[in-house]
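Trainee: Before we discuss this protein, may I see the sequence and the model together?

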Amino acid sequence: MNLKRFLMFLITSLIFMEAMVAQSISGSIVSEADGLPLGNARVLIKGTATGVIADQDGKFSIQAQPTDVLQVSYLGYETLEVTVGNQTTLTITMILSDRSLDEVIVVGYGTQGRAKVTGAISSVDGETLAELPVVSVDQALQGRAAGVYVANTGSPGQGATVRIRGVGTVGNNNPLYVIDGVPAGGLNEINPNDIESVEVLKDASAAAIYGSRAANGVVLVTTKKGKVGRPVVSFDGYFGVQNVWRTLDLLESDDYITYATEIQQNADPALPPPSRFTDPAFGSYRTETDWQDEVFRSALIQEYNLAISGGAPNATYRVSGGYLNQEGTIVGTDYERYTFRINSDFKVHDRVRIGQTLTLAYGTRNNERNGGTNRSILEHAIKSAPYQPIFDPANLGGFKGPDQADNNDAENPIRLQSLGIASDEVLKLLGTAYAEVDILEGLTFKTLVGLDMAYTTNISFNPAFRDGEFHDRPVAEVNEARRSFISPLFTNSLNYTKSFGSHNLDLLGVIEYQSFDNSFVLGAGENALSNEIRSLRGVSADNVDGLILDWALISYIGRLNYDYAGKYILSATIRRDGSSRFGPANKWGVFPSFSVGWNVAREGFMDNVEQISTLKFRGSWGQTGNQSIGEYGFLATVNQNFNYNFNGNLQGAATISALANENLQWETTTITNIGLDFGLFNDALQGSIEYYINETEDILVNIPLPISLGFDGSPRVNAGIAETSGMDFALNYNQLAGDFQWSVGANMGLIINNEVTDLGQGQPINGPTFESDAVTRTEVGESIFSFWGWKTDGIFQTQEEINNHATQSNASPGDIRFVDVAGPADENGNPTGPDGVIDANDRTFLGSPIPDFTYGINGNIYYKDFDLTLFLQGVQGNLIYNTTRYDLEGMTRVFNAGTEVLNRWTGPGTSNEIPRGVSGDPNRNTRMSDRFLEEGSFLRLKLLSIGYTINTDALSWLSRARIYVSGQNLFTITDYTGYDPEIGARQGLNSTQGLGIDFGQYPQPRTFLGGVQLSF
């Protein structure tokens, strides 16, 4: 009996083994659309790393077992699965991917099919983001989404300035960032390699679900998760070098000496030249220092990322780690970051799913430093005497700086960047945990807990030094500041979906609470004994300060989505937010929105119009809010940092520093949007057109008070209305068949109008100042923070011209001629006409820093195993106030200058553009005027990348291998004369008020790198 069973088992096993013997499968892969072969299509045995690439005729051959399933994929087509069975020859027909109908995009608190979206949403997928290696995701958005303006800075680790559809308020214009469902900051700590997609919500229909924080748009960041299948290991790494793409032409020593002598002689009374010039020892002292060459350097950049992902039907995971090291092109600056992420999802029951996301990041950054006069490093490099040495071992600290004999107090920029420490350290944790339960068919409850935590340490160590008579520090200074930020989030939502025939309904209800706790402590002191001890222990003249800030937001949200057969679409949202930043009577704000859409292409009368695959009209209206005003703005705050002399003894004291305003309330933006989406020729050509009007009311502003009232701070009030209108355009074409494939896309964001229509009882708002003049001004009838100053009209050539012109105090031949615009205002406050005198009344509006339009053009070419990516980005129609040009051409005192001053006015007819050089600038030739105001338009080749995908047939352990080289910022077409027309934010300056002002910001580098991408 046992022998019989054994023989039966043996025979059965042999039959089974014979059935399982791998057999050779051959076939061809063609397109359903035109029957043409799809060369380079991928054929993979599902669940394994075994696969082949079809040849140029779409033919392939692979060893497979009858039970194997072949996964066939090709760019632009649906992935197809075919069971082998008894077949030995296959003809596989691929179907074009109908992206416009089936693509699922992330929206607030969920996802939605692209065809049913009625709001203004721009999407950028992770593959597109990965084309441009950047430090943070906000930098990668530049030029990728219509209506999104991004200004990067070259400073390593510093975030970009992002504006969605222009500037709508005088306060905070930053969008809200939501990362895996958590409204959070700190994008620099989010590794772009971990990002699956980014959605930009631009209108109220899309953004109003985030209510009180959505007035400036919302950026949704979704990170990558695991997929069902065998474990896949991927590695991405690159290494490159960065250089500045432009330096400025400065005077060399001989020209500088001649120029500096002349501007001293032109003073009234005449001044002697710097004594250094006539010192008999000058020849032995003198050198030829190229300060720009010393400040700028070739800087290395490298990044490496390793990830493993996979899963079973009931559990998926993705774990990744990354390392980035970026040196700055300015000496002494760099950024280093370590990141770790783990995302997982589990199906613990047919009705229950749980999961989590977690990011851990640690970053260190060495910053660019400013001198004691708040001049940037680049300003010091421009102004430093070209004959001055960099080092002097005899000086404390080892550096050389100017003395009285030079009459030039520019600080040695190499000493500024090399001596001491100015660093930031950030430890970031961002995570979520969720549970999702299907209560009934179509009814799902989800609870999510999120946590955003950041611990920051700012260290500043300034050792004792002396590099000349102007600059020294007798004792070492030690400063250390620590900040902790903790923000927990609790979200509970109930979602109901139901279809009744052709009627589809989706209802969402959400209750959400988020709190924000900030604590800050500062320790500072002096060490007169040593430059080696950098801790606070043992310091003298010590100072300790601290601050605790906290606020909270609670929200109630409801949303209804309805469509009939995918043709007629309706969406409505309402959100009620309560913020502790407002007083008891105004804590709550209500933000409604609704939108409608008509999918014309799905109507029966369009069935015979084969050329049109997508045609959708949509419109929306809604309101969003802004409460980015800081904490306790409605209260009268008390400042305790005072001492009072009481009977000869200093006693601690306190005073009210700011007035209360219990009527402070929400700033509200009303957004109207009309859009059209279209697709032609099976969506090979896709595009969208948007028109919008944004009106911001109850703008939150600070009202300046006279100093005589004794208050340190300006009270916050609601005063003002601003309106912005514009259009967004996007167009993409894909040709994805045959050996040669290509795609091209373009987008543009057009600002039609940006205007302040009301400031209530408030006065015009002045922006940042430069050389004692306000550079920008916000006033009714003008754009927000428009440039404001005097108009120029050439140069006085003779005294007779001065006599025949409006009275201009202290003008001499060779000085700038300013335009007589207006006299004092009349009794009603209205301006009067020219009055024959050049004074403060002649200041006028000179233009706007807001671009007329921004645009991006991207193209991809695929030929066999080669790929090429091209990306152009630009802005048009904005103005930049170039303070660097002031440094180059100001000629107000003995500083080095640009070679343009060699063409300065030296007598009648010699110049009508560059005035005379005169120490003291008695005519104020350098006052805020259109003299240093320039066109900021530019077109930049942002990226050119060439890659090659290696055939891995002979390497069964390797499923993908691609190598590439790329260049970033390869060329820039611009008339701007500064270091870089892309003006990012300057540290310590409000990014809205400082928009378009070049204070010598860190320029963008030109980068060349090579990289490899591997999958196992």
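Mentor: Ile45 is buried, with a relative accessible area of 7%, because buried means under 20%, exposed over 50% and partly exposed in between, with a 1.4 Å probe and protein chains only. This is a predicted model in which local features need pLDDT of at least 70 and side-chain atom pairs count only at pLDDT 80 or more, while totals for chains, interfaces and linings use all residues. Residues are numbered from 1 along each chain as its sequence is written, and side-chain values use heavy atoms, with hydrogens and water left out.

Trainee: What pLDDT does the chain average?

Mentor: The pLDDT is the predictor's confidence in each residue, from 0 to 100. Of the residues, 94% score at least 70, although over residues 10–20 the pLDDT is below 50. The chain average is 88.

Trainee: In which strand is Ile45 found?

Mentor: Strands (E, at least two residues) and helices (H or I, at least four) are DSSP runs, numbered from the N terminus. The C-alpha atom of Ile45 is separated by 6.1 Å from that of Gln71, 26 residues apart along the chain. Ile45 belongs to residues 42–45, which form strand S2.

Trainee: Is Ser28 buried or exposed?

Mentor: Ser28 lies in strand S1. Leaving aside neighbours within four places in sequence, Ser28 is in contact (heavy atoms within 4.5 Å) with Gly58, Lys59, Phe60, Leu90, Thr91 and Ile92. Since its relative accessibility is 16%, Ser28 counts as buried.

Trainee: How many salt bridges does the structure hold?

Mentor: A salt bridge is a side-chain nitrogen of Lys or Arg within 4 Å of a carboxyl oxygen of Asp or Glu. Arg341 forms one with Asp180, the closest N and O atoms being 3.4 Å apart. That pair links distant parts of the chain, 161 residues apart. The structure holds 41.

Trainee: Which residue forms a salt bridge with Arg482?

Mentor: Arg482 is partly exposed, with a relative accessible area of 46%. The closest N and O atoms are 2.5 Å apart, and the partner is Glu480.
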